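Reader: I am new to this structure and would like to learn how to read some of its features. Could you take me through them step by step?

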Amino acid sequence: MTGAMLMATTAIARAEPSAELIAAAEAEGQLTTIALPRDWCAYGELIDGFKKKYPKIAVNELNPDAGSADEVEAIKANKDNKGPQAPDVVDVGLAFGPQMKAEGLTMPYKVSTWDEIPDNIKDADGNWYGDYYGVMSFLVNKDLVKETPKDWADLLKPEYAGQVSLAGDPRASNQAILGVLAAGLAQDAKAGKEAGEKGLEFFKELNAKGNFVPVIGKSGTLAQGATPIIVMWDYNALAAKDTLAGNPPVDVVVPDKGVLAGVYVQAISAYAPHPNAAKLWMEYIYSDEGQLTWLKGYCHPARFNAMVKAGKVPQDLIDKLPPAASYEKAYFPTLQEVDDNKAAVTGAWDKVVGANVQ
């Protein structure tokens, strides 16, 4: 990178939203989000930070526990509705970004820090862009699980009968869909369709043995004992560990095999009732403040590498993350592999596994 280009990038990264955008967003007076649990990636702190910075903009938080497919459907269902049920912005799994673009559901917008978002996790025209990533892990209730499973194969053991769950419905939730992919990778399957099919076979066996629980796993169901082992993103598991604060004691395990990294992406709805507030929200979450807030929630933000190089990431935040060794084996699937896996899992879960997760 030339000196001139580096200077340009630095200037862009420090840019603030324009006074015109702020004024237009404040005139709209509201931002409608969807599927943002306040304990996911420190979204509660992020939303509160946005409201503190822009007190003239109310934030309407729709259906925090929805999955990526639900977000897409919410945009479609409210195309002609400018009321409070129409989302302005979405946070969805990587495979859903191109799908939304293809269906004309996104509004292109490039944030000021655009150049620091890696090219392989963003649409060149700004229809969607990566926001954060993590790796698939196991959240384990130590009061109920005597021997913490270390790998996917362990979950098939008889001592885990009635204990293993996914953190979503694998027919609609990106987190659950990729949980199935990770299980397939652990069996040395090639990422994509093959891993999706192998993952389905794994969950078929898990279900047949009576180990799989068809309940969407959350920190609450884990604490209650309904789902003592949950397959979920590391950042959700680590946040749950903090929330539970030893009641019950939990382990967070990154498995030995099938270490899958997953990227989520942001997009603005093409039918956003508050398009300027949506753009201002994007500016905020891709600012240094927004990116560091995600990191507080154990999510590696899209600008992480650029911010580390620039000395913008406090050491205490880095120290709170799991050991780097856990991430060295992480596999980042391509967009095509994510798409192919999604098609395999959502299309055949009912037929192959037959467990109605809800």
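Predicted model: local features only at pLDDT ≥ 70, side-chain atom pairs only at ≥ 80, totals over all residues.

Reader: How many disulfides does a search of the whole structure find, and which residues are joined?

Author: A disulfide is a covalent bond between the sulfur atoms of two cysteines. Searching the whole structure gives one disulfide, and it joins Cys41 to Cys299 with an S to S distance of 2.0 Å. The two cysteines belong to distant parts of the chain, 258 residues apart, since Cys41 sits in the loop between strand S1 and helix H3, while Cys299 sits in the loop between helix H11 and strand S10.

Reader: What is the handedness of the disulfide, and are its cysteines buried or exposed?

Author: The torsion about the S-S bond of Cys41 and Cys299 is about -85 degrees, so the disulfide is left-handed. Cys41 is buried, with a relative accessible area of 0%, and Cys299 is likewise buried, with a value of 0%.

Reader: Which residues is Thr293 in contact with, leaving aside its neighbours within four places in sequence?

Author: With those neighbours left aside, Thr293 touches Cys41, Ala42, Glu45 and Leu46. Thr293 itself lies in helix H11 and is buried, at 5% relative accessible area, and its side chain reaches the backbone oxygen of Glu289 at 2.8 Å.

Reader: How should I read the packing of helices H6 and H15, and at what angle do they pack?

Author: Two packed helices are described by the angle between their axes and the distance between the axes. Here H6, residues 174-185, and H15, residues 335-352, pack at about 100 degrees with their axes 10 Å apart, and they are therefore roughly perpendicular to each other. On the H6 side the contact is made by Ile177, Leu178, Val180 and Leu181, and on the H15 side by Asn341, Lys342, Val345, Thr346 and Trp349. Sorted by class, this contact has six nonpolar, two polar and one charged residues.

Reader: Which backbone angles deserve a second look?

Author: Most residues other than glycine have a negative phi, and most peptide bonds are trans. Cys41, however, has a positive phi near 55 degrees, and Asp188 has a positive phi near 65 degrees. Asp188 is found in the loop between H6 and helix H7, and at 60% relative accessibility it counts as exposed. The peptide bond from Asn247 to Pro248 is cis, with omega near 0 degrees, and Pro248 lies in the loop between helix H9 and strand S8.

Definitions and conventions
Residues numbered from 1 in each chain as written. Heavy atoms only, no water. Axes fitted to C-alpha atoms, helices over the stretch in contact; angles between N-to-C directions. Helix = DSSP H or I, 4+ residues; strand = E, 2+ residues; numbered from the N terminus. Parallel < 35°, antiparallel > 145°, perpendicular 65-115°, else oblique. Contact = heavy atoms within 4.5 Å. Nonpolar A, V, L, I, M, F, W, Y, C, P; charged D, E, K, R; others polar. Disulfide = S-S within 2.5 Å. Buried < 20%, exposed > 50% of the residue type's maximum accessible area, 1.4 Å probe, protein only. Polar contact = N/O pair within 3.5 Å; in protein donor to acceptor, adjacent residues only side chain to side chain.
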